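Hi,

Here is the structure I said I'd pass along.

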Amino acid sequence: MNPMNFTTEVEAANALQADYQKLTAEIRKKIYGQDEIIKKVLISIFSNGHCLLVGVPGLAKTLLVNTISQVLDLNYQRIQFTPDLMPSDIIGTEILNNERKFTFIKGPLFANILLADEINRTPPKTQSALLEAMQEQMVTVNGKSYQIKKPFFVLATQNPIEQEGTYPLPEAQLDRFMFSIYLDYPKIEDELAIVENTTSGKEIVLDKIMSADQILYYQKLIQKVPINRNVLEYAVHLAAKTRPNTEHSHKMANEYVNWGAGPRASQYLVIGAKTNALLSGKYSPDIEDVKEVAVSILRHRIIKNYKAEAEGISIEDIIQELLK
């Protein structure tokens, strides 16, 4: 179906919700009990943002991304980050061809969905090559620029347990990710389903639900979604509350936060709320939609201080106070 055939934007919004239901049903054939996570990743794709997945090994972070790329008709690449990976290993490199001219061989970065596995294992030089591409959606090699085809969506995974020999992403660079999503161990009933289905030799074939053009169309549609002034103000004030010792700061921020969320957080709160509303079958976001995406958007943008550490107060605790 050509995504451009809708007569009205309401019809297009209904189609997006129907497609989202299909996507979720298809992904669930392989991923059990991670509905919240699947929803966040899809919100991030439709909002044209990137995602950081944080969790211990073996929680199917890679499988999740792989499965999502199978149901979306997109070019998928995976980069396993290691301490000896160079920027040219991900961007690509110029080589001398038979005619003694330089030709550019594209690296794995040139994909629609890129899985950056264990991004904290690679040195800052290589991290920044990826982060620049995420921001600019292009790559510059020897003064020549190469566009990355849209949609371009980076899912980076970070493993929180081994800190030896890793290079955690600096806070300023974390800001480029729309969402920071924490994966936890599965519930027992989900783990039973996972183990039963993965050890019985069942072959699961997934259908492709959505093309690149459709995704780009829906991304534009979401930007056009109207938002009430009070919801817009709620989102912007929520981000402002996290900034300590400023005009709109919350007392929790003044007491426990070193650094709050910047304007990017406000932008993502609004676009995330719009996407959440459409995926839930509404035509305009309300304050609940902002609250639903708030934790994953603010979590990696707030830096807590020593007092918070000493009193055992988590960033999630602080955000929950701000949402009250």
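Let's start with helix 9 (residues 229–241) and helix 11 (residues 263–279), which pack at an angle of about 145° with their axes 8 Å apart. Bear in mind throughout that this is a predicted model. The crossing of these two helices is right-handed. On the helix 9 side the contact is made by Leu232, Ala235, Val236, Leu238 and Ala239, and helix 11 answers with Ala265, Ser266, Leu269 and Val270. By class, that gives eight nonpolar residues, one polar and no charged.

There's another helix pair to look at. Helix 12 (residues 287–298) and helix 14 (residues 315–323) also pack at about 145°, with 10 Å between their axes, and helix 12 passes helix 14 in a right-handed crossing. Here Lys291, Ala294, Val295 and Leu298 of helix 12 meet Glu316, Ile319, Gln320 and Leu323 of helix 14. The class breakdown for this contact is five nonpolar, one polar and two charged residues.

Zooming out, the chain is divided into domain 1 (9–212) and domain 2 (227–323). Their C-alpha centres lie 25 Å apart, and 23 residues of domain 1 are in contact with 19 residues of domain 2.

In soluble globular proteins, nonpolar side chains tend to be buried together. The largest nonpolar core in this model has 75 residues, and Val41 and Leu72 touch the most other members. Helix 11 turns up again here: it gives the most to this core, with eight residues. The core also draws at least three residues from each of domain 1 and domain 2. If you click on Val41 and skip its neighbours within four places in sequence, you'll find it in contact with Cys51, Leu53, Leu64, Ile68, Phe153, Leu155 and Ile181. A second, separate core has 28 residues, including Ala129, Leu130, Ile148 and Leu174.

Asn120 is in the loop between strand 6 (113–117) and helix 5 (124–136). Is it buried or exposed? With a relative accessible area of 2%, Asn120 falls under the 20% cut-off, so it counts as buried. Leaving out residues within four places in sequence, Asn120 is in contact with Gln127, Thr157, Gln158, Asn159, Thr166, Tyr167 and Pro168.

Asp175 is in the loop between helix 6 (171–174) and strand 10 (179–182). Not counting residues up to four places away in sequence, Asp175 touches Arg264, Tyr268 and Arg301.

Finally, some backbone geometry. Most residues other than glycine have a negative phi, and most peptide bonds are trans. The peptide bond from Lys150 to Pro151 is cis, with omega near -5°, and Pro151 lies in the loop between strand 8 (144–147) and strand 9 (153–158). Gln137 has a positive phi of about 55° although it is not a glycine; you'll find Gln137 in the loop between helix 5 and strand 7 (138–141). Asn142, also not a glycine, has a positive phi of about 50° and lies in the loop between strand 7 and strand 8. As for accessibility, Gln137 is buried at 11% relative accessible area, whereas Asn142 is exposed at 66%.

Cheers

Key:
Residues are numbered from 1 along each chain as its sequence is written. This is a predicted model: local features need pLDDT of at least 70, side-chain atom pairs count only at pLDDT 80 or more; totals for chains, interfaces and linings use all residues. Side-chain values use heavy atoms; hydrogens and water are left out. Axes are lines fitted to C-alpha atoms, for helices over the stretch in contact, and angles run from 0 to 180 degrees between N-to-C directions. Helices (H or I, at least four residues) and strands (E, at least two) are DSSP runs, numbered from the N terminus. A crossing is left-handed if the near helix is turned anticlockwise from the far one by less than a right angle, and right-handed if clockwise. Contact means heavy atoms within 4.5 Å. Ala, Val, Leu, Ile, Met, Phe, Trp, Tyr, Cys and Pro count as nonpolar, Asp, Glu, Lys and Arg as charged, and the others, Gly among them, as polar. A nonpolar core is a set of buried Ala, Val, Leu, Ile, Met, Phe, Trp, Tyr and Cys residues joined through side-chain atoms within 4.5 Å. Buried means under 20% relative accessible area, exposed over 50%, partly exposed in between (1.4 Å probe, protein chains only). Domain bounds come from an automatic or database domain assignment.
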